[in-house]
Amino acid sequence: MLINLHVKNLALIEEADVDFYDHLNILTGETGAGKSILIGSIQSALGGKIPKDMIRQGCDSALIELVFHTESQAVKEKMAEFEIPFEDGEIILSRRITSQRIINKINDCTITVSRLKELAPLLLDLSGQHENQLLLKPANHLLLLDRYSGQESAELKEKISGLYHACKDLDAELAKEEIEEDQRLRELEFLQYEIREIEEAKLLPHEDEELEDQYLKISHSRDILTLCGSAYDQTSEGNFNASAAVGYAFRDLEQASSYDSDLQALTEQIGAIDALLGDFNRDLSAYMRSMEFDEQTFHEIEDRLNQINHLKAKYGGSLEQIFRYLADSKEKLDKLSNYEEYITDMKRHREGLYKQLTEECRRLTRIRQQASLPLADQIKKALLDLNFTEVEFGIDLSPKDEPGPDGQDNVCFMISTNPGLPMGPLNQIASGGELSRIMLAIKSILADEDQVETQIFDEIDAGISGRTAQKVSERLHLIASGRQVIAITHLPQIAAMADAHFLIEKSSDRQTTISSIRLLDEEESVRELARMLGGAKITEKVLDNAREMKALAH
């Protein structure tokens, strides 16, 4: 359930901190006091869109925070999937809004808004002021029926969606592969030419790198010999070469060490240098003797590099890309060479998928048919409880011409609210006030199926009054007996049923306007009911009436 709502610097709300209670929480207040802003903040906290201009004027940022306590297994699994710490059943959702960005967190872990939206339906179900209009679209009737059908329906729909999109992908591939015979022959000939050109080159992995190293060496061989010769002169051939100088130094130290043994270590070091320098000179001399400029080898390497670079320009910027291009071309060649067999196999695979798709659709249709009768019966009973004195309700299923991602059924809610008249489509029969009660009936039934612990109703009383309002209040009380309900209302009959009654007020000091919310005690709740009953002037009789309404509700 929703334990706490904290809102700061959002629209008219400077700061609001609300602790909600079990069962039925009622929010009332004058029109324009900020009730919808408060419910909207809950919706926003759960991933709804937040306009940047919602930040209170003069403030840098706004904050919305919700604290839930839940024992829901579905929530536990989702939190484990998100790898977010979850202890003692507590979940804290927060969204900080600035002019540049919105920061979303769950239990102090930053998350994406898409993950926030995944978790939200598991925590609460929010019925906004305009949700009743969803009943005017038969596509939503299908969704409501599937929600009632439960997990089996959801898993089957997921499977059907996968099969449907696999069929569509194959259709697109078949359409792309359907080519004229002369075009196929042209492509076949061109592919054969490209494959032959690459294969005849007999390319080796990393061959280009090795050839480029050889090309660089041969093309600069004269420079290499000149530089090596200079180095050789400086170490062994010139008048002041390093080898001779080190040799003299070694002999001098060797003689000196015969007089002083402390020089022995230094003599050994210079001796090692003399030996290394001698080895170096022999190796350098051997390298220079091996350096022969071969004009023919140079041209062979140059021609091979030109051939490789030509292939790179046509088939990819590297040998790896050329090899990939060759593999892809061979695969295409195989398709075109065995074109009829390839297309036949693809069509056979598509037929198999389509057959499986239609079979799964038939299974889903049976599940929907089995669920439609008890759902229609429960909705009818709920409508009778909501002051539909004479009502018939049914769910009509008819097949679509072709399967879709959600099956092969059209679903339409049917209703008759007048005795003797046949049932007709809900969107053609029901009035605005009737739609709100029908939605309440459906929500109350689905609440048990969904096992959501918190339900929020924003002005569920639209278009009703009198005895009907009393029936709606009783229905809300019934729903709240098994879960937490938060409802905004303008009707005293509904407000009187509150287990916790909150008042939303707006105040102004001529410079700023602020909305605030507070919990009412018993007497304050009576006075708020009196205001809702009597308007501007609250008389003693109106107060007595409010007390009686409260007593009857208890």
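**Figure 1. A salt bridge joins D279 and R282 in this predicted model.** Their closest N and O atoms lie 2.2 Å apart. A salt bridge is a side-chain nitrogen of Lys or Arg within 4 Å of a carboxyl oxygen of Asp or Glu. The two residues are separated by about one helical turn, because they sit three residues apart in helix α10 (residues 264–290). Helices are DSSP runs (H or I, at least four residues), numbered from the N terminus. D279 is partly exposed, at 36% relative accessibility. R282 is exposed, at 53% relative accessible area. The cut-offs are under 20% for buried, over 50% for exposed, and in between for partly exposed (1.4 Å probe, protein chains only).

**Figure 2. K312 forms a salt bridge with D208.** The closest N and O atoms are 2.8 Å apart. This pair links distant parts of the chain, 104 residues apart. K312 belongs to helix α11 (residues 295–315), and D208 to helix α7 (residues 207–219). Both K312 and D208 are buried.

**Figure 3. R475 pairs with D385 in a salt bridge.** Here the closest N and O atoms are 3.3 Å apart. Again, distant parts of the chain are linked: R475 in helix α16 (residues 466–480) and D385 in helix α13 (residues 339–385), 90 residues apart. R475 is buried, at 13% relative accessible area. D385 is partly exposed, at 40% relative accessibility.

**Figure 4. Salt bridges link D146, K157, R368 and D409 in a network.** A search of the whole structure finds 28 salt bridges.

Residues are numbered from 1 along each chain as its sequence is written. Local features need pLDDT of at least 70, side-chain atom pairs count only at pLDDT 80 or more, totals for chains, interfaces and linings use all residues, and side-chain values use heavy atoms, without hydrogens and water.
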